[in-house]
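Hi,

Here is the structure I promised to pass on. Have a look at it first, and then read on for what turned up.

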Amino acid sequence: MTDKTSAVRVLDKGFVRLVDMMGGDRGVLDAARVCYASRTKGEAPDRKLICYLLKHSHLTPFEHAVFKFHVAAPIFVARQWFRHRFAAYNEISFRYTEVKDEFYVPKAWRAQDAVNKQGSAANAGLDHAGLSAKLSDQVRAALAAYREMLAAGVAREMARLVLPVNLYTQFYWTVNCRSLMNFVSLRADEHAQWEMQQYALALAGFFRRLMPWTWDAFMVHAWKGANPRLEAPDQP
Ligand SMILES: Cc1cc2nc3c(=O)[nH]c(=O)nc-3n(C[C@H](O)[C@H](O)[C@H](O)COP(=O)(O)OP(=O)(O)OC[C@H]3O[C@@H](n4cnc5c(N)ncnc54)[C@H](O)[C@@H]3O)c2cc1C
């Protein structure tokens, strides 16, 4: 999937869609070579230069490769995402528009991790179908209350107070490759929340396809996380 407009589905109703990009591997190399007043010298030396830059934390050339994504994600994922300050964001306004009946329902529920206080672990003993049904009932009740408030004349900015954090939001995210590498390192790692990981893996897929030389160097010199899906040769 190398088409610039490609979208990848994430979770049950989310997506990551590449809107635009600038620079790529060549943008990084051109920015680096301007420092040394030198020109491209073919694939092998160019790849070597990218490795050198990452290995020695000479990271500003990676700011010249930029991606613009359109994302649909649950609010609780977006809240973690927006902590990443080196990017530009524009999000749908629920003061301006009405919320749609689109909410995330996990198929598999996880138990609290016994060791990592922030973490979770797979648990076959949980009543997955029952928990999903309970969540759906709760959200539908909240959405019904929301619509009743709107019908009664309550402002959208106030009616939304009854809504849960698994509702989907949408935003544009413009990020340079330096910041994207930081994002993938932190959020594709197995310690990140599973739902957040799925988005980071989707982003990593775009990164890998569109900047293959930088991706290869990133995996060797800068990726410090752990995730078998990312490290497999033909994934994500
Ligand atoms: C597994 C996990 C658990 C987390 N748990 C929590 C939590 O419990 N509570 C919580 O509040 N957050 C939590 N976070 C969020 C985390 O603290 C960061 O806010 C988030 O990951 C963004 O990372 P960042 O600052 O590197 O990214 P960016 O904001 O994009 O910044 C990129 C880089 O720029 C530099 N930089 C940015 N701003 C400054 C600054 N003001 N001063 C100096 N250098 C700067 C840093 O080098 C930084 O790495 C968690 C993150 C992860 C991955």
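This is a predicted model: local features need pLDDT of at least 70, side-chain atom pairs count only at pLDDT 80 or more; totals for chains, interfaces and linings use all residues.

Now to the fold. Five strands form an open sheet in the order β1-β2-β3-β7-β4, and their pairing is antiparallel. At the edges are β1 (7–10) and β4 (88–91), each of which pairs on one side only. From one strand to the next, the twist averages 20°. Four bridges join β1 to β2 (residues 14–22) in the antiparallel sense, and Ala-7 is found opposite Arg-17 of β2.

Helix α6 (residues 177–187) lies across two of the strands, β3 (66–74) and β7 (168–176), and runs at about 125° to β7.

What about the nonpolar residues? The largest nonpolar core has 54 residues, and those with the most contacts inside it are Leu-180, Val-184, Tyr-199, Ala-200, Leu-203 and Phe-207. Helix α7 (residues 194–210) gives the most to this core, with ten residues. Leaving aside residues up to four places away in sequence, Tyr-199 touches Val-10, Val-16, Ala-73 and Val-77. As a general point, nonpolar side chains tend to be buried together in soluble globular proteins.

Enjoy exploring it!

Best wishes

Terms used: Residues are numbered from 1 along each chain as its sequence is written. Two strands pair if DSSP finds at least two bridges between them. Axes are lines fitted to C-alpha atoms, for helices over the stretch in contact, and angles run from 0 to 180 degrees between N-to-C directions. Two residues are in contact if their C-beta atoms, placed from the backbone, lie within 7 Å. A nonpolar core is a set of buried Ala, Val, Leu, Ile, Met, Phe, Trp, Tyr and Cys residues joined through C-beta atoms within 7 Å. A residue is buried if 20 or more other C-beta atoms lie within 10 Å of its own, exposed if 12 or fewer, and partly exposed in between; C-beta atoms are placed from the backbone.
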